[in-house]
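Try each task before reading its solution.

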Amino acid sequence: MERTEETNPQVTATEQVEPAARRRGRPRSFDRATALEKAVLAFWEHGYEATSVSDLTRAMGIGAPSLYAAFGDKQALFAEAVLAYDERHRSFAPRALAEEPTARAAVERLLREAAAAYTAPGHPHGCLVLHAATNCTSPEVEELLRERRNADIAAFRRRMEEGVAAGELPAGADTGALARYVAAVIQGMSQQARDGASRGELEALAEIAMANWPRG
């Protein structure tokens, strides 16, 4: 993928012309994990397309050469940021599916915790994976995000199928449609949070969604 170098006020003229091999030989002068988390927040706030390399270097507090040396190009950094987001800010989802004894309890917890996570102070509202797809023109990034969303639906469906096997859901339940229903509710909650909905308002939405849950 072609890469366009963007200058940053923090990059000195010497650093800009310094040979790449020499730069690679130097120890890093920044904490990589901290810089990555700042990149997560930048992508989360503005989406993939609207976040430039200059925006990233400014948010991360490093120069463009350091960004490329540590993370690769913008697309590679974004892919790593999505993984970091899943681990640090979205781990509630797989935990809810794995820890609750029934599919209903798992989805109810998932929606309740999404309401809390999507409106929590200290970071942008909503979901990075959903928001980053807005106005995205990169086919590779679009595919990455589509695969991530589809993986969520597949995980929901597996949990619904376990519910059918356990007799908690009707034998004829359309687990695929039910999984997409849950995904649609979560996606809507994310956008509502971006638009200013409160935690209580999202929890009320989750309660309405659960009122339509099929029973065995």
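This is a predicted model: local features need pLDDT of at least 70, side-chain atom pairs count only at pLDDT 80 or more; totals for chains, interfaces and linings use all residues.

**Exercise 1. How are H4 and H5 oriented to each other, and which residues make the contact?**

Step 1. Two packed helices are described by the angle between their axes and the distance between the axes.

Step 2. For H4 and H5 the angle is about 90°, and the axes lie 9 Å apart.

Step 3. On the H4 side, the contact is made by Val-53, Leu-56, Thr-57 and Met-60. H5 contributes Ala-64, Leu-67, Tyr-68 and Phe-71.

Step 4. Sorted by type, the residues of this contact are seven nonpolar, one polar and no charged.

**Exercise 2. Check the span of helix H3, then describe its ends and its buried residues.**

Step 1. H3 covers residues 32-46, which is 15 residues. The expected span is 1.5 Å times one less than the number of residues, so H3 should span 21 Å. Its end C-alpha atoms are 21 Å apart, in agreement.

Step 2. At the start of H3, Asp-31 places a side-chain oxygen within 3.4 Å of the backbone nitrogen of Ala-33. Just after H3, Gly-47 has a positive phi of about 85°.

Step 3. The buried residues of H3 are Ala-35, Leu-36, Glu-37, Ala-39, Val-40, Ala-42, Phe-43 and Trp-44. Their cover includes H4, H5, H6, H9 and H11.

**Exercise 3. Repeat the analysis for H6: what are its span, its buried residues and their cover?**

Step 1. H6 has 16 residues and 22 Å is expected; from first C-alpha to last, H6 reaches 21 Å, which is close.

Step 2. Buried in H6 are Lys-74, Leu-77, Phe-78, Ala-81, Val-82, Ala-84, Tyr-85 and Asp-86.

Step 3. Among the elements covering these residues are H3, H4, H5, H8, H9 and H10.

**Exercise 4. In the loop between H9 and H10, is Asn-135 buried or exposed, and is Ser-138 buried or exposed?**

Step 1. Exposed requires over 50% relative accessible area, and buried requires under 20%.

Step 2. Asn-135 has 64% relative accessibility, so Asn-135 counts as exposed. Its phi is near 60°, a positive value in a residue other than glycine.

Step 3. Ser-138 has a relative accessible area of 9%, so Ser-138 is buried. Leaving out residues up to four places away in sequence, Ser-138 touches Tyr-48, Glu-49 and Gln-75.

Notes. Residues are numbered from 1 along each chain as its sequence is written. Side-chain values use heavy atoms; hydrogens and water are left out. Helices (H or I, at least four residues) and strands (E, at least two) are DSSP runs, numbered from the N terminus. Buried means under 20% relative accessible area, exposed over 50%, partly exposed in between (1.4 Å probe, protein chains only). Contact means heavy atoms within 4.5 Å. A polar contact is a pair of N or O atoms within 3.5 Å; within protein, one must be able to donate a hydrogen and the other to accept it, and residues adjacent in sequence count only if both atoms are side-chain atoms. Axes are lines fitted to C-alpha atoms, for helices over the stretch in contact, and angles run from 0 to 180 degrees between N-to-C directions. Ala, Val, Leu, Ile, Met, Phe, Trp, Tyr, Cys and Pro count as nonpolar, Asp, Glu, Lys and Arg as charged, and the others, Gly among them, as polar.
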